Amino acid sequence: MGGAIAPEPLRLLHLDKDIVAVDKPPGLLLHPSALDAHETRSALALLRVQLGTPVWTVHRLDKGTSGVLLFARHPHMARMLGAAFEAGAVRKRYIALVRGWPPENGEIDHPLARDPERPSTGQPRVPALTRFERLHRIEWPFADGRHPTSRYAVLGVEPLSGRRHQTRRHLKHIAHPIVGDSTHGKGAHNRAVAAWLGVDRLWLHALRLEIPAVGSRPTTVIEAPADDAWRRALAS
């Protein structure tokens with residue numbers, strides 16, 4: 001009798017005695033969540049089995065976001081890294097496929113409600129700052145409802161504060177939502193791009209983490225190159 005199929009191992013980007021980083025695929029939860037109670041797989045559980053040792057979360061990526069996901073390998077490092085993220089000392093760089101053609105570069109300085117999953121009315125707003133640069137402009141030959149073609153762009157994005165869903169919410173705020181974002185994006189554009197590319201996903205990828213020196217560790221840079229779906233999208 002055949003047994004259960006073992007899950008595909010996560011791709012390790014960095015591994016040492018203090019930290020481990022993986023290239024999280026889109027659609028994988030960081031850890032079990034009541035909001036996705038039907039999901040039985042998570043990056044945290046898979047990595048613990050893969051390494052055969054405990055690991056601790058120190059930051060988060062949304063389920064739909066791919067790319068660099070960092071864990072600590074012992075509680076002391078988890079505390080130090082958690083403090084570094086909280087202080088904004090960890091530099092994060094993403095790439096995002098967005099609707100329209102934003103300016104070549106800019107900053108989004110717009111306070112956000114602390115919890116994006118609750119009604120914003122009555123919630124205190126906290127400062128949030130995101131920097132972006134336009135890397136590519138794309139024009140695909142399908143109508144957007146008003147024009148015979150549709151315009152999209154790939155942005156390099158650096159959130160300078162660590163608010164939940166900050167990149168997604170800020171890009172919506174400037175009317176250039178991320179493609180595939182079912183919460184903050186546009187359903188018609190999400191469906192059109194999914195049909196054109198044959199891929200239904202959130203087009204947000206954590207490209208790079210620059211971790212400052214903590215304890216006796218030097219500065220560490222970890223990168224996850226964009227996957228084949230991104231390369232096909234840019235070539236289409």
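Trp140 and Phe142 are both buried, a term that stands for under 20% relative accessible area, with exposed meaning over 50% and partly exposed the range in between (1.4 Å probe, protein chains only). This is a predicted model, in which local features need pLDDT of at least 70 and side-chain atom pairs count only at pLDDT 80 or more, while totals for chains, interfaces and linings use all residues. Residues are numbered from 1 along each chain as its sequence is written, and side-chain values use heavy atoms, with hydrogens and water left out.

The rings of Phe142 and Trp196 have centres 5.7 Å apart and planes at 50°, so this pair is tilted. Rings of Phe, Tyr and Trp (its six-membered ring) count as a pair if their centres lie within 6.5 Å; planes under 30 degrees apart are called stacked, over 60 edge-to-face, and the rest tilted. Phe142 belongs to the loop between β9 (129-140) and β10, whereas Trp196 belongs to helix α4 (residues 187-197), so the pair ties together parts that are 54 residues apart in sequence. Helices (H or I, at least four residues) and strands (E, at least two) are DSSP runs, numbered from the N terminus. Phe142 has a relative accessible area of 15% and is therefore buried; Trp196, at 39%, counts as partly exposed. Together, Trp140, Phe142, Tyr152 and Trp196 form one aromatic cluster.

A charged group also accompanies Tyr152: the charged end of Arg99 sits over the ring of Tyr152, 5.3 Å from its centre. Here, sitting over a ring requires NZ of Lys or CZ of Arg within 6 Å of the ring centre and within 35 degrees of the ring normal. The charged end of Arg137 likewise sits over the ring of Trp101, 4.3 Å from its centre.

Strand pairing comes next. β9 and β10 pair in the antiparallel sense over 10 bridges, where pairing requires that DSSP finds at least two bridges between two strands. Within this pairing, Phe132 has Val157 in β10 as its bridge partner. β9 is also joined to the antiparallel strand β6 (residues 105-109), by 5 bridges, and Glu107 has Arg131 in β9 as its partner.
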